[in-house]
Amino acid sequence: MQEIIERISKVFSVEEVVQQNNHQWFITVPKKQALESVTYLRDREGFVHFVLLSCADWIESGKFQLTYLLNHPVKKIDLGIRVFIDRENAEMESAHYLWEQIATYQRELYEMFGINFPNSPRLTDPLLLEGWDNIPPMRRDFDTLKYVEKTYFPTPGRKSNDPGTYMKEKLYPNE
Amino acid sequence: MVTPIHLVSVALGTAFLLGFTKDRNWKISGGLVLLALLLMNLISGSWTYALFFGDQVPVQVFTAGFKPPFSINLQMGRFEAAITLMINFAGLLGAIYLFDRLKKAGRYAFMVYMVFILGLNVAVMTRDLFNLFVFMEITTIATAGLIFLVQTGKAAAAGLKYMIATSIISGVLLIGIIFAYSLVSTLNLDGIIDGGLPLIKGGAMVVFLILIALLLESKPFPANGWGLDVYESAHPGIGAMLSVATGPMIAYVIFKVLPISGGAWNHLIAITGIITFVGSNFLAIKQHNTQRLLGYSSVAQAGILLIAIGLQKELGHTFIYVAAGLLMTNYFAKAGLFWLSGLIKGESLQDWTQLKGRPVLLFLFGLFVFSLAGFPPSPAFFAKWELIMQLASHGGYVWMVFILIGSFFELIYLTRWFGQVIGSKEKSSAQPDLATHRLVPVGIMGVGLLGTMVFFLHHYAPDLAIDFIPIIFIAALFILDFLPAFLKNTVTILAMGWYLLQHISDVQNDTVRLIFFLIFLAGGAISLLAGFSYKGKRIGYYPFVAMTFVGLTGLVTATTTLGFFLSWELMALGSYLLISRGKNAQKTSWIYILFSVGGAYLLLMGFGVSFAVTGDGLLSSLGIAARALPAVGILLTIGFLSKIAAMGLHIWLPGAYAEAEDDATPFIAGIMMNAGIFGLILSLSIIAGHPFTWWLGWLGVITAVGGNILAAFQEDAKKLIAYSSIGIMGYILFALSMNIQMAWMAALYYVVLHFLYKTILFLAVGGVIFRTKTREMYQMGGLIKKMPLSFISVLIGIIALAGIPPLAGFGGKWLFYNAVVMNGWYLQGALVFFSGVVAFLYCFKLISAIFLGQAKDRYRHIKEAPVWYILPQYLLIIGLLIFSVLPELVLQPVAHALRSMPGEGIQWDGHFAQTSFGYWNAFIVMTVIAIMFVILLAWLILNSRKAQKVKQFDMVFAGETPFTPETSHVAYNIYAPFNKALGFLVVPVTTWFWHATASVTDASANHLRKWYNGNGQTYALQMVIYIVMFYLIIRGGF
Amino acid sequence: MENKDFIKPYYESKIVESPDGEEIKVNPLEDYFCGEAPKSHAPNSNKLWESFLNWARAESLWVLGFGTGCGSMEILPLMTPRFDAYRFGVQMRPTPRQSNVIIISGYLSVKTLKRAIRSYEQMQNPKYVMALGSCTINGGMYYDSYNTINRLDHYMPVDVYITGCMPRPEALLAGFEEMKRLIKAGKGEKANEYAENFEWYKANQKKIIKDWNMPDYNW
Amino acid sequence: MSFDWLIKIGYVLLGLFIVLNYGLLQYGVIRRISARIGKRIGVKVYQPYIDLIKNYSFRSQITHGVMFYLGPVFRLSGGVGVFLFMPLIFGSEHFSNYSFSGDLILILYFLFFGMLGMALGAGEGGHPYSFIGISRGLSQFTTIELPFTLAVISLAIQYHTFSITDIVAAQQGGIMHWTLMTNPLATAAAMLSFLGMMGNSPFNVVIAPQENPIGPPTEYHSTFLAVLQTNRAILGPVEAILMVNLFFGGATNWVSLIIKSFLVFFWPVFVGIVFPRFRVDQSIPWFLKLPFVLGILAIFLI
Amino acid sequence: MNFFSVQGISLTIGFILILIGLWGILTQRNLIRIIIGFTIFNNGVNLIIVALAYMKGRTAPIIDQVVTRTDAVDKVADPIPQALVLTAIVIGVGVTAVMLSYTLRMYRAKHSLEINVFTESKW
């Protein structure tokens, strides 16, 4: 694995390498090199299986972090390519031509985070949220509870408990 | 009487006189020529009249006051008079046609033209061999001069080739003549004939030289490249003269010189003729140049004329009719076509689309083409009939086969040409050249052809034994075609009704005939009602409808084989023309006519064999003939099989039915198809019990299964019904193959039913197509709400078709089961019933894809089919329902008619039908089912009377809604699993076979025609080889 | 945002050409769907007859096989030899037309709600709703999710609630028994309630289903 | 004025009533038996009655059009019609129904009447699954009928009649006279055909509940469905009775009729429980193999 | 017939000329040569005609002082072939003239005298 990362470091400017566990690494690359490195890994290094594309909202630093998780089916290792993009007018190059299923992930990210992927097929078709008319719900500046209270007729008098403390109280009241 | 020598003097005198005129005085010179030709016409005409109709005897004219052998003598007999008349008449019209061309070329051209006509006249009349040679040479040189009228290098080259060929011929001829002279010391033809040349040493060689030269002059295949090139390159007017003036001249010269061989050469000439006829027609298949095609055709016609000349002994007294028929048809039609081709801009066959939209010219074109192809009532039809009959009676079956093969090739290119012209979608942008002086000769030729037709019809009237009023009616419709459609429709329907009432008594005693008579006329009249929905004139529709129906009626009323065959061909021609009116029908109608006529030729052979056995042409004696020679029945049966589209011969049907116009299909499919059944009844009744019928039964099974399975896979509504027709024809064929009463009863019952429900279905579907403007079923859907009446028609139609009780269709199934078990054809029977279950597939597809399912946006405001489509459907439905309740109305008379057949019949007790196997009471079944249905309906209404009416998308769709009507209408290829399981049964083997046959024919014609490589020298070599080969062969044969 | 924006392209009005060249305006929502509102159907006036019919309805509960959320896992064992709901006249049907019970088996996202409503409305009167698990009562653990409803009875009338997260199949059987009891007692008239309070239900439904691209009542 | 016809109708209705109840109970019993095979207790024996009453008791219905409305009527007419033309009890004038107006062939073809009506009704429902189900059903039916046709022809050869009454009469006098014994090949072919005719697994791809929600009657509900259920309760036993009449000696009284037809009826159920479902393109060739060959042998070896 | 008689030799030469002519027609490519071939062919034919009319010891059938009307029957050869050959020669000249005029026209069209160039119309 180290050799792979070394080799890729020679071609791309890898910014940060994180080892999650024995078979999972994450590297961070600049936005411009993201898809090139994914292509490189697929074509040269044998990461032919695309696992997922996910997003994390770093609202504090004004960034979205995209992760392209790739799998090497022979060596049984995963490698995630992390890319940081701007939160304002978030936009990323579409990667649907690498694996067709990426288009669906991109639809999801468009819907949940509002990240634009130009030229991605059926990008604006609703995936889960038919008729959503608010800011994308997975953005951290979206206040879910307020939205629910406004929309879904919450049961009056409903109380919520922290499951941990509540169950401890219930099951082991003496401790 | 004017002495025939004036034919010479007038022509010669005029030619000399022209020398004194000036080029600019073309009016004088031209007028002189026309006057002279008119005069010559009068002379020949008066002789012809006197010789044929007066009591004039043939005369000999002696020149220089001596009697032969010391002088030249001209003879004016019947043949000479007729042929000179033909030549002069063509000469006159040709001069008119070519007038501007000749005028431009100056007075010498007129002179050459006169000399040309002169040469032809004298060559016909002279009885002196050397004189014959001289005048043939004069003709040749004059022809060469006339070829010069077209100032192209191509024409010049063709002229040189012509000169090369004719010079060789003349050399050979001259040597022959001089040796003949040296052997018998006379040049007089009668003298030479009396001299007994073949008996003298070296005489055979002399005969060979003379006759081979004359034969070569008639452009025998394959040493005739030069002739074809001339036809192609010369002016069409000259081509016409070559074909219709020179051609008869040569033929007659051969005819008159032939006796010098003492009969030894007769068959040789005929063999040469048949080779030419078959070969030229074969090569013509690949021609695209009009004039070259006509050239091939002319050569072929000369060939068949040679057959007649060669076989004159066998033909006996009919020779004159055969020869005249062939000669006249070619004369009028070929001249007409050549002259027409001069009107057309461009040389290709495609350019003839310029004729579109000009009904009169199209009519003439069709008249010429179909006369050439030998359709009735053209003289060629009678000539070929007579030829075949006489050949058959002399055991010349091989001749018969080859003549028919040649005719078939001829048919291929002629009908394809015609089809291209009327079926082609794009119209040539060029305008034809419609100068009056060119149109008039064409018109006169057309009139002449019609006149000859009348003459021949009149002559053969006793043999035909048909009613001429219907034929006159067709002619009247042609003339009145400018009237509006509804008027013509009314007239046609009324005429059919009138004819039915007038003549029903003729067939009353023969139930089988009566059934067909009623189907053809009453059914036809009802189905024609749909024609009222069309506006405008529909030029060229009703004459052909009438032609079809006249043919159909003639089939029933005919008592002679000739009458039957004429009606058959008339029907084929009429229906072909109707089908070819369809928008995309070019190819399918062509295939249709080929199969139709192919079948008809088999009939012709069958009738020929029958004539050979019995010596009379009565339909009633076919049975006697078949007892002696079952081949009669077998040939007829196979011929009729092509009409009912038995598997293997079926590929014409779906396309033809689908592409015909929507209101034409019902009577083509529902009614005309019964003609084939009628024929089969005729032919199978005479070979009943022959082992051949066992195979026929299996063919019926295959047809039923194949037709029905194929129907299930169709997307085109009309094609679906068409394939279903094939299936039902299979049932009927199967039933007719069984030689028992029950089976034939079933077959006839099916005939009636098939007529009823197939006409209903085609009318209903035709009405729907009339509104939706598409034939693809999956594009329709949900029309039940818009067209409830059509839906009910189709529903009743398919219930009857599928044989579900209580409608009449079940009766057919019941009779079938009984017949199958009685006859012991168990496995076949089971397979036929398998095909019956397959019928459900297409029945359901037909009704569901059109009427059920999702309505499309395009048809949201569509209206019910026109009332004129609905009305005949419901008239027929009433009939169907009556037969459903009271099947004995059909079955009892039929049983009576078939009582002489072996096997048991049905015992009737009121409505109760019983056989030794089973029983059936249609009346009670209907009553019980109707009462039960009403009660149950009442029960449901009681329970759910308040049901909410919903619209098309209000259905459960797994929580979703359908997207579009198109995506939710399951109608396309719905039997895919069935195809996966049983599709191997219907791989298109037949289509492959016919395609391969067609390609092989096409390719070999294309390959063989390369023989004519266009090099004059090669042509000369071919002639030399021809002479040598001919000599070697006859030496071997002598 | 206007609701219209959510209408799928194939339900937009369009102009098509008829075979005769005439132009036809097609509005799919009106032309393809029946626009009638549901009716309330009064029970048979003959009490005895009606109670007989109610008995039959109660003893023949045909359940629409419609799984939402995690509860559908609990329905499947009902048909196994261990629980064998057939004994109680409970059967599964694949089409709403032939069912009279719909089980909402757990949380309902807005997207699923739309389909659930459609299926419910396509069932015929009388019809019964069984709500399974906390999520249908007060949102359960998804009470603050941006896309799941909290209270089912604001969108369709519920006959029986079964508590639990998730309830076991035994609880479901008990629910069926309860539902039978209600029906036999003549209290299974929620379908009529739905028809009578149609406006209120529709308003609630339309409040959260923003792309309302179907007729008001799905026949 | 004779009232014979009235009495006749009375007996016919009585027979219909008996057959209907018998059919409903039979379905209940069969379902209970098949539940036992699956180690379940299963429905109540009278559950089909409850379902029927329930379906008739729906208060609202929808209709897609006239043919949709008529479809179930056609279907039930088909079922009742087959019953009407079928002699039930041999030797009983009262329970021979209207079998004097048509023979075996009439019954064979009348079976299609209901099928056709059902297909058209379902077709007007416009549901794609209806069309798919119908096309599967019709495709499959083509070869299902073939062995049966051969068997019928074989019977006609054997007994020289198409009359069911006569066929039954020829089989009287003990089990050794049954067609089962005298013509085992035809019986085998027909019984294999019968599997397909009853539409149980493995030949139930038409209504394939999982992939294609119950096929043609997808849109049918409430009273329409009740009518279809009524038909099923009548047609199933009647088809079994047809087999009994043709191959198992018929019946001279109700008891033997019910026992025999129940056993015949149970045969496809038994097979259905054991075997999984065929696709159409598997079932069509299946019928063309063993059953077809048996049928041909039955014709030639009789 | 004696082969070495005048008649025999003439006939032989006539046939040889015919064959030479034919050979020329069939082998030469140049149109003019072909036409010459025809001329030779014609001459051969004419020679045969004359040769056949030959009668030993007789003179040409011209009635003048030498051969009077009365003894013509015994003295002159058969006059008919003589008459024929005149006609044949005339016709031959005519044919040659027509051929030559065609050749002229063809040469103008394509500036060639090769016969295998003129194959526009074929097949």
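In the predicted model, 16 residues of chain A are in contact with 17 residues of chain C. Between chain A and chain B, which do not touch, the nearest C-alpha atoms are 13 Å apart. Likewise, no contact joins chain A and chain D, and their closest C-alpha atoms lie 24 Å apart.

Chain A contains an open sheet of 5 strands, arranged in the order β1-β2-β5-β4-β3 with mixed pairing. Strands β1 (16–21) and β3 (49–58) of chain A stand at the edges; each has a single partner strand, so one side of each is left without a neighbour in the sheet. From one strand to the next, the twist of this sheet averages 20°. The pairing of β1(A) with strand β2 (residues 24–28) of chain A is antiparallel and extends over 5 bridges. Within this pair, Glu16(A) stands opposite Thr28(A). Two helices of chain A are placed against these strands. Helix α2 (residues 31–45) of chain A lies across β4 (63–72) and β5 (77–86) of chain A, and runs at about 160° to β5(A). Helix α3 (residues 102–113) of chain A also packs on the sheet, where it touches β3 and β4 of chain A. The direction of α3(A) makes about 15° with that of β3(A).

Chain C, the partner of chain A in the interface described above, has 8 helices and 7 strands. Its C-alpha trace spans about 65 × 45 × 30 Å along the principal axes. Of the 219 residues of chain C, 47% count as buried. Among contacts in chain C with a separation of 6 or more, residues 24 or more positions apart account for 78%. The domain assignment divides chain C into domain 1 (1–35) and domain 2 (47–208), and the C-alpha centres of these two domains lie 34 Å apart.

An open sheet is found in chain C as well, with 5 strands in the order β4-β3-β5-β6-β7 and parallel pairing. Its edge strands are β4 (90–93) and β7 (160–162) of chain C, each of which pairs on one side only. The twist in this sheet averages 30° from one strand to the next. Strand β6 (residues 128–132) of chain C runs parallel to β7(C) and is joined to that strand by 3 bridges. One residue of this pairing is Met130(C), whose bridge partner in β7(C) is Val160(C). Helix α6 (residues 169–184) of chain C packs on the sheet and touches β3 (61–64), β4, β6 and β7 of chain C. The direction of α6(C) makes about 165° with that of β7(C).

Of the 5 pairs of chains in contact, chains B and D share the most contacts. In this interface, 67 residues of chain D are in contact with 63 residues of chain B. Several elements of chain D give two or more residues to the side that touches chain B, including β1 (62–63), α3 (66–84), α4 (104–125) and α9 (222–247). Helix α5(D) gives the most, with 17 residues. By residue type, this side of chain D divides into 37 nonpolar, 23 polar and 7 charged. Strand pairing also links the two chains: strand β6 (residues 948–949) of chain B and β1(D) run parallel and are joined by 2 bridges. Here Gln948(B) stands opposite Ile62(D).

In soluble globular proteins, nonpolar side chains tend to be buried together. The largest nonpolar core of the model has 581 residues, and those with the most contacts inside this core are Ile210(B), Ile254(B) and Ala735(B). Helix α31 (residues 741–772) of chain B gives the most to this core, contributing 23 residues. At least three residues of the core come from each of domain 1 (1–127) and domain 2 (465–934) of chain B. Residues up to four places away in sequence being left out, Ile210(B) touches Leu173(B), Gly176(B), Ile177(B), Ala180(B), Val257(B) and Ile260(B). A second, separate core has 51 residues, and these include Leu78(C), Ala85(C), Val90(C) and Val43(D).

Methods: Residues numbered from 1 in each chain as written. Chains lettered and ligands numbered in written order. Predicted model: local features only at pLDDT ≥ 70, side-chain atom pairs only at ≥ 80, totals over all residues. Core = buried A, V, L, I, M, F, W, Y, C linked by C-beta atoms within 7 Å. Buried ≥ 20, exposed ≤ 12 C-beta atoms within 10 Å, placed from the backbone. Helix = DSSP H or I, 4+ residues; strand = E, 2+ residues; numbered from the N terminus. Domains from an automatic or database assignment. Contact = placed C-beta atoms within 7 Å. Pairing = 2+ DSSP bridges. Axes fitted to C-alpha atoms, helices over the stretch in contact; angles between N-to-C directions. Nonpolar A, V, L, I, M, F, W, Y, C, P; charged D, E, K, R; others polar.
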